[in-house]
Amino acid sequence: MKKQISIYIIALVLLFSNGVQSQSKETVFKTDTIASTKNIQFIGVPIAFYTPETEFGFGGGGQLFLLNKSNIYNDRQSNILFSGIYTLNEQFLFEVKPEIYLGKGDYFIDIDYTWEIYPNLFWGIGNSTPDRNEEVYNMTSHKLKMGYLRRLPPNLNFGFEYVFENHEVTEVEEGGILDSGSVLGSDRAIISGLGVTFNLDTRDDVGSPLSGRYYKLNAQFSSELLGATHGYNKFFLDLRTYEPLTKKSILAMQVYSENTFGDAPFQGLAKFGGSYSARGYFYGRFTDNHMYIIQTEYRWRFKPRWTMAAFGLLGEVASTPENFFSISNMKPSAGAGIRFKLLKNKSTWLRLDTGFGENGNSGFYFGINEAF
């Protein structure tokens, strides 16, 4: 591909260099802990990165820990993570993500709000779209997901969620695929619907697990009765396991799938690629109704706050599940990376990965916490 843009890449360069200099001290990141009391701790995070597509990008963010609201069953603290980024290509991304535990962890509120303004790339819909289809479009998006879960002892969680997304396509290439109007959502799409989620979570840590399981089943129903422009149903399956190999290494494995039924706009279809689901491919390089990804990652924690990793994966998208698992259609990828834990007593990790897919696809990823 000529261009590589990863929508959620964040390179925390300044904080990373500060962490390297401070790791030998008993208390680290003194300059980044802006406020701390018995009830809260706020950590500021400077953000800086560069890619050929975005040019220089910069911004800031932070994580607010609510020390008196935690899940006593697995020692997880309530927190609010947020970030704001602006690039010289006039791209803007802002995200707020509260994760709040109530009743000693018996109840969990999970909210994610994102506002995005940026150009993106589109190749059409399907598992074999050629590189020559690549076209640029601009879109402004507001995305909100609110979930409420109830813990079912000891490790089960069940709840409901509401999903709202407003996508406004502001510019497309003249004579391109989106300009033809044949793709649902090519001018605007509103996704609005309710969902049901069920998960089993025995992970010892959320940011970078060393053991445990995470099994999640999620169903979402976008309906015109709730203000959506298109009605469709979507089902997610996310199965993860973390198997210790030695005292310092594990094998992490994930099976992930999305299945869409109905008249979904392209913004609501499964998107192959990105920093989390299929490193080595542009996020959305292949788009369709259905997708599966199988990935494995070896992680070696050679220091308490440093981890090296190597991964491999297979996956694809398809219009129907019956078209899956043809050897010629599978998209492989492999790569490696390194992680650094920001604070000794907080599960927040910096992640740097590089991935290589087929036909010259590749990606370089900076982000927060493990891919899965």
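The following chat covers the cavities, aromatic pairs and strand pairing of a predicted model.

User: What should I know about the model before we start?
Analyst: This is a predicted model, in which local features need pLDDT of at least 70 and side-chain atom pairs count only at pLDDT 80 or more, while totals for chains, interfaces and linings use all residues. Residues are numbered from 1 along each chain as its sequence is written, and side-chain values use heavy atoms, with hydrogens and water left out.

User: How many cavities of 30 Å³ or more does the structure hold?
Analyst: There are 3 of them. A cavity is a set of points, on a 1 Å grid over the protein atoms alone, where a 1.4 Å probe fits but cannot get out; lining residues have an atom within 4 Å of a point. The volume is the space filled by probe spheres set on the points, which are joined across faces, edges and corners.

User: Which residues line the largest cavity?
Analyst: The lining consists of Val163, Ile191, Gly193, Gln220, Phe221, Ser222, Tyr232 and Lys234. Strand 9 (188–201), strand 10 (212–222) and strand 11 (232–244) each give two or more residues to this lining, and strand 10 gives the most, with 3 residues. Strands here are DSSP runs of E with at least two residues, numbered from the N terminus. The space inside is about 50 Å³.

User: What is the lining of the largest cavity by class?
Analyst: It has 4 nonpolar, 3 polar and 1 charged residues. Ala, Val, Leu, Ile, Met, Phe, Trp, Tyr, Cys and Pro count as nonpolar, Asp, Glu, Lys and Arg as charged, and the others, Gly among them, as polar.

User: Phe221 is on that list. Which ring does Phe221 pair with?
Analyst: Phe221 pairs with Phe235; the centres are 6.0 Å apart and the planes stand at 85°, so the pair is edge-to-face. Rings of Phe, Tyr and Trp (its six-membered ring) pair if their centres lie within 6.5 Å; planes under 30 degrees apart count as stacked, over 60 as edge-to-face and the rest as tilted. Because Phe221 lies in strand 10 and Phe235 in strand 11, the pair ties together parts that are 14 residues apart in sequence.

User: Which ring face does Arg299 lie over?
Analyst: Arg299 lies over the face of Phe372, at 5.1 Å from the ring centre. A charge sits over a ring if NZ of Lys or CZ of Arg is within 6 Å of the ring centre and within 35 degrees of the ring normal.

User: How does strand 15 pair with strand 12?
Analyst: The two pair in the antiparallel sense over 11 bridges, where pairing requires that DSSP finds at least two bridges between the strands. Ser257 stands opposite Tyr292 in strand 15.

Methods
1 Å grid on protein atoms, 1.4 Å probe; cavity = no way out; pocket = protein on both sides within 12 Å on 5 of 7 lines; lining within 4 Å. Helix = DSSP H or I, 4+ residues; strand = E, 2+ residues; numbered from the N terminus.
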